[in-house]
Amino acid sequence: MQRVLVTGAAGRIGTVACALLAEHGARVTALSDVAPPAGFPADRVVVGDTRSEADVAAALEGADLVVHLAARPHRTAGTPYEVYTTNVVSTFNVLAQAAGRGIRRAVVAGSINAYGLPQNDHDLIPAYFPIDEHIPRDISDWYSLSKHNDESASRMVWRHWGMDVVTLRFPHVNSAAALAQVAQTHADDPRSGLREAWSYLDTRDAARAIALGLIASTTGAHALFLAARTTSAPYRTEDLLDVFAPDAPRLRRFPGREVPMDLVPSQVLLGFEAHHELELPTLDLPGGLAG
């Protein structure tokens, strides 16, 4: 039974991840800036700040593996200074201390925003589809910059200390009910999902990806896109791209509602495929929306 430190444990993904890890026999240390509710699935709880060397050191006691989820999750989740510094200092602090203690593996909550377009201030579209690990970056906000720099920190930690790090570039992650609301938004305004390739992930699948990242045989530092296999819009993917990204090259075809994102690396390196998808019809794109 290995002990896993989970930072941001009381958050949307952390709560589900802690429950899954405990269910599979891990001893979970939860690090959170707020006290988790009674019955939280962790046998050890540390209330503290991931930017604090002392708090992180206390939470790492006895840990064999690390899951780092703590972050300000959006550019609006504080001032630009607060969002950026919280994210980059937390990631460096947790990973550097873990690696310095000899911990051999960590999984980090990254973001699709690491490539910059979803929260970009300019009216840009992806350079091509499917979105993949080589997609050109264009970063114009502090949150996306923080997630990009987190990936650089992960690679530095691997090169310096030899700790393997898997960064999961999550799209929008939420409960099934909340994702259904997103789908309604994308039905009414499909263009709003373009820069994220209409991608999404159920929190239960996010937790599974974390667990797989902890046991994968990968070495080095990897940043992987994850998503459900279908889009969050009830329209054919090819039709959406014809209307909203007609000039973006397509490296392959996307039948039905297939998400235009390259999921092969996460399948190959982690053995991950999403189990929970939105049950949506496949409709013709209405002429009014197309216009």
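**Pockets, cavity and core**

Modeller: The second largest pocket holds about 350 Å³ of space. Please bear in mind that the model is a predicted one.

Biologist: Which element gives the largest share of the lining of the second largest pocket?

Modeller: The lining of this pocket has 18 residues, and Glu133, Arg169, Ala221, His222 and Ala223 are the closest to its centre. At least two lining residues come from each of α4, β6 (164-170), β9 (221-225) and α8 (264-270). The largest share, five residues, is supplied by β9.

Biologist: How many residues of that lining are charged?

Modeller: By class, the lining of the second largest pocket contains seven nonpolar and four polar residues. The number of charged residues is seven.

Biologist: What is the volume of the largest pocket?

Modeller: The largest pocket is lined by 47 residues, with Ala71, Arg72, Pro73, His74 and Tyr143 nearest its centre. Elements giving two or more residues to this lining include α1 (12-23), β2 (27-32), α3 (80-100) and α5 (176-188). The lining divides into 19 nonpolar, 18 polar and 10 charged residues. The volume of the largest pocket is about 1300 Å³.

Biologist: How many cavities of 30 Å³ or more are there?

Modeller: The largest cavity has a volume of about 40 Å³. Its lining consists of Leu226, Ala227, Arg229, Leu263, Ser266, Gln267, Phe272, Glu273 and Ala274, that is, five nonpolar, two polar and two charged residues. Cavities of 30 Å³ or more come to a count of one.

Biologist: How many residues does the largest nonpolar core have?

Modeller: Val4, Val6, Leu168, Phe170, Leu201 and Ile210 have the most contacts inside this core. Beyond its neighbours within four places in sequence, Leu168 touches residues including Val107, Val108, Ala209, Ile210, Leu224, Leu226 and Leu270. Another core, of 25 residues, lies apart and has Ile131, Trp198, Tyr235 and Ala245 among its members. The size of the largest nonpolar core is 39 residues.

**Individual residues**

Biologist: Is serine 90 buried or exposed?

Modeller: Serine 90 is part of helix α3. Its side chain reaches the backbone oxygen of threonine 86 at 2.6 Å, and its contacts outside the four neighbouring places in sequence are Thr50, Arg51, His68 and Thr85. Because its relative accessibility is 1%, and the limit for burial is under 20%, serine 90 is buried.

Biologist: Which residue does a cis peptide bond join to phenylalanine 129?

Modeller: The omega angle of this bond is about 5 degrees.

Biologist: What value is phi of alanine 197 near?

Modeller: Alanine 197 is placed in the loop between α5 and β8 (200-202). With a relative accessible area of 0%, alanine 197 counts as buried. Its phi is positive although the residue is not glycine, and the value is near 60 degrees.

Biologist: Is tryptophan 198 buried or exposed?

Modeller: Tryptophan 198 occupies the loop between α5 and β8. Its phi is also positive in a residue other than glycine, near 55 degrees. Since its relative accessible area is 0%, tryptophan 198 is buried.

Conventions. Residues are numbered from 1 along each chain as its sequence is written. This is a predicted model: local features need pLDDT of at least 70, side-chain atom pairs count only at pLDDT 80 or more; totals for chains, interfaces and linings use all residues. Side-chain values use heavy atoms; hydrogens and water are left out. A nonpolar core is a set of buried Ala, Val, Leu, Ile, Met, Phe, Trp, Tyr and Cys residues joined through side-chain atoms within 4.5 Å. Buried means under 20% relative accessible area, exposed over 50%, partly exposed in between (1.4 Å probe, protein chains only). Contact means heavy atoms within 4.5 Å. On a 1 Å grid over the protein atoms alone, a cavity is a set of points where a 1.4 Å probe fits but cannot get out, and a pocket is an open set with protein on both sides within 12 Å along at least five of seven lines; lining residues have an atom within 4 Å of a point. Grid points are joined across faces, edges and corners, and a volume is the space filled by probe spheres set on the points. Helices (H or I, at least four residues) and strands (E, at least two) are DSSP runs, numbered from the N terminus. Ala, Val, Leu, Ile, Met, Phe, Trp, Tyr, Cys and Pro count as nonpolar, Asp, Glu, Lys and Arg as charged, and the others, Gly among them, as polar. A polar contact is a pair of N or O atoms within 3.5 Å; within protein, one must be able to donate a hydrogen and the other to accept it, and residues adjacent in sequence count only if both atoms are side-chain atoms.
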